[in-house]
Amino acid sequence: MWLLGLPWALALLVTVSSSGPSAEAADRASIFADLSPAELRAVRTFLMERPELGLSPSQGGPLAKNSLFLVELLPPRKRQALRFLEHGGARPPREARAVLFFGAQAEPNITELAVGPLPRPSSYRPLPLKGGRAVPFWARPMTRREYELLHQALVAALAPLEPLLREATGFGFQNCSERCLTFSDIAPRGLGPGERRTWLVIQRFVEGFFLHPVGLEVLLEHRDPDPRRWAVRRLWYNGRHFGSVRELAESHARGALPLARLPEPPAQRLFSSYEPRGRFGTPTEVHGAKVCEPQGRRYRLRGNRLEYGGWSLAFRLRSSAGLQLFDLRFGGERVAYELSVQEAIAFYGGHSPAAMQTKYMDAGWAMGASSYELASGVDCPETATFLDAHHLLDADGPVRFRRALCVFELPTGVPLRRHFDSDFQGGFNFYAGLEGRALVLRTTSTVYNYDYIWDFLLYPNGVLETKVHATGYIHATFYTPEGRRYGSRVHSHLLGNIHTHLVHYKVDLDVAGSGNSFETMDIRFENISNPWSAGARDWAVGGTVGGPGQGWDRDAPAPRLTAPLTCPRYHLAVTRRHENEPSSSSIYTQNDPWDPPVTFESFIRDNETIEDQDLVAWVTVGFLHVPHAEDIPNTATPGNAVGFFLRPFNFFDEDPSVASRAPVIVRPLDPPACSRLEIRRWTPPSPGPCVHPEPFTYNGTYRQV
């Protein structure tokens, strides 16, 4: 059986057996590989040359145009993939998913196409969402061109406020050179379907500008494809609302406006920068501990196939939503068909309009394509293998993201297992231990202010861990006394707004075939008769196993908010797998949260049986973040990580890590004196010069002195 380990101790249980690995693993994995730059170019060229589509370049030009927004792999249908992987069937045709914005027509919309076969595409077909729903044009993700036009419209609209901004901040929008203002935009972009009105937080453009709001927030209407019809609809300045730019400017001109005067930012050691300041009690000018591989790498990476110990899997980095694993096997036996990130959500509270409006759904910001370069020795150990990624998102060709992923073996710092067997006379019968190691597959998503570090960890005892760390800059707003109810004052003019982080995963457990069932195990105390003492009562721990027959969710849902928020309302939901339910969210949910094309609630409300079916577990993990002064300059990773485990449960006859040749066993040859020891190792006595060169030694005594 395999167990899905979660903080609240739920389990997915299925019966399995094991078999050996196949020699063609790397070739099999290629059906899940991301599109190559050549394939991305081929898809774009093919679509751009289709006269009926009338596509224009993505960059420049008007918004009212037809353009190609996204190209990424369209994974094969599961049934086709399994026939190929397991039964030597035909290789599934390789296809691309293409997202097109049709803005140059009477009824603008967004259309998705399946394009293939690759590497030389010759046809396309509609790729409908569940229910065949059309995606309205106003639900589209933001593009670089729309941001350019948004900035131009904002600068022009706020020109009457330049005296106010210069006096209060020393920065401006007009002819600003190195003392410019910028903005961060908030989503959702409105309060109901069809709206595209965005609150913009005005900030000083200095290092770490997310922590430098100036007290001005602007609501800008930009639904119309013609930016000449865009307009500022409302403003908030230093705790007060204004109906127009003119009203705010006139209030300042009359001297009736309390200004939020900001101090001049220092030239060095700005509080939002990473420049060192202060001192520790111990020196930090020298290098700390490092990871090393004294005898070389113990994992194998061939294309997108990763092998380590008993593990093997295929992986890809989706532009839309991030890491996606396929065909996960241990000991040659598949334990999951897919394990993938679906969505990352952050809901904020606040007193200012921007703060109370902020409900980020990061798939709508293409968090998979926000995978910027990883730094060796910081983001990943120097020993890591780094991999590039290529995305075609809001661009006129593939874009290379250097070192976007890394793979490395990590000493966990705690033994995988160990035991000291005391003789209770100041000595021991034996000591045995196995070092803790895990293989890590990592990438990051920097979605504007926040950085998410995404990890999948493979352990030699058949356990897989998913983990995400949150770091980067907090989403902060201008401090007002009323805002204290919704966060902490983290700097003189800065409020750290309270928020939740919720991350959603898809877990398609698929072992011993795709026909699985779902069970829960409940533990309780029982009041029983003591069998060896007549009349006495005692407490015992008992367990029951059971499972509902229909789609299942953990705990009753919270009060309904909006339709797309249903996926994080459940810690765990189990549904039958359907090809038209590949993801619990979409890139359109952020800008159409009221009536989104993908609604997770429909996955679990169809009353389907989940006994002996192909099942998917949808898992939500998260935490509440109350910002504090120590989040300056950035939120630190300790204490800001969540995840879950896949664990074998009566799958093996014993812990499979007994196959490891890395244990240490120490036995005294002259007990109880313990002056002569037998030390047994199956690896070289010294791993090499990158760690302490002396061979392993052990004493194990605890005697009075």
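A residue counts as buried when its relative accessible area is under 20%. Cys 674, with a relative accessible area of 8%, is therefore buried. The legends below describe close-up views of a predicted model.

**Figure 1. The disulfide between Cys 176 and Cys 180.** The sulfur atoms of Cys 176 and Cys 180 lie 1.9 Å apart and are joined as a disulfide. The torsion about this S-S bond is about 85°, so the disulfide of Cys 176 and Cys 180 is right-handed. Cys 176 has a relative accessibility of 16% and is therefore buried. For Cys 180 the relative accessible area is 16%, and this residue is buried as well.

**Figure 2. The disulfide between Cys 380 and Cys 406.** In this view, 2.1 Å separates the sulfur atoms of Cys 380 and Cys 406. The pair links distant parts of the chain, 26 residues apart. Cys 380 belongs to the loop between β17 (359-361) and β18 (385-393), whereas Cys 406 belongs to strand β19 (residues 399-411). Because the torsion about the S-S bond of Cys 380 and Cys 406 is about -80°, the disulfide is left-handed. Cys 380 is buried at 2% relative accessibility, and Cys 406 is buried at 0%. The count of disulfides in the model comes to two. A disulfide is a covalent bond between the sulfur atoms of two cysteines.

Figure 3. Beyond residues up to four places away in sequence, Leu 615 touches Val 507, Asp 508 and Leu 509, among others. Its contacts also include Ser 514, Asn 516, Ser 517 and Phe 518. Further contacts of Leu 615 include Val 574, Thr 575, Arg 576, Arg 577 and Ile 610. Leu 615 and Leu 509 are 106 residues apart in sequence, yet their C-alpha atoms are 6.9 Å apart in space.

Figure 4. When residues up to four places away in sequence are not counted, the contacts of His 469 include Asp 451, Tyr 452, Ile 453 and Asp 455. His 469 also touches Thr 637, Asn 640 and Ala 641.

Note on methods. Residues numbered from 1 in each chain as written. Predicted model: local features only at pLDDT ≥ 70, side-chain atom pairs only at ≥ 80, totals over all residues. Heavy atoms only, no water. Contact = heavy atoms within 4.5 Å. Disulfide = S-S within 2.5 Å. Buried < 20%, exposed > 50% of the residue type's maximum accessible area, 1.4 Å probe, protein only. Helix = DSSP H or I, 4+ residues; strand = E, 2+ residues; numbered from the N terminus.
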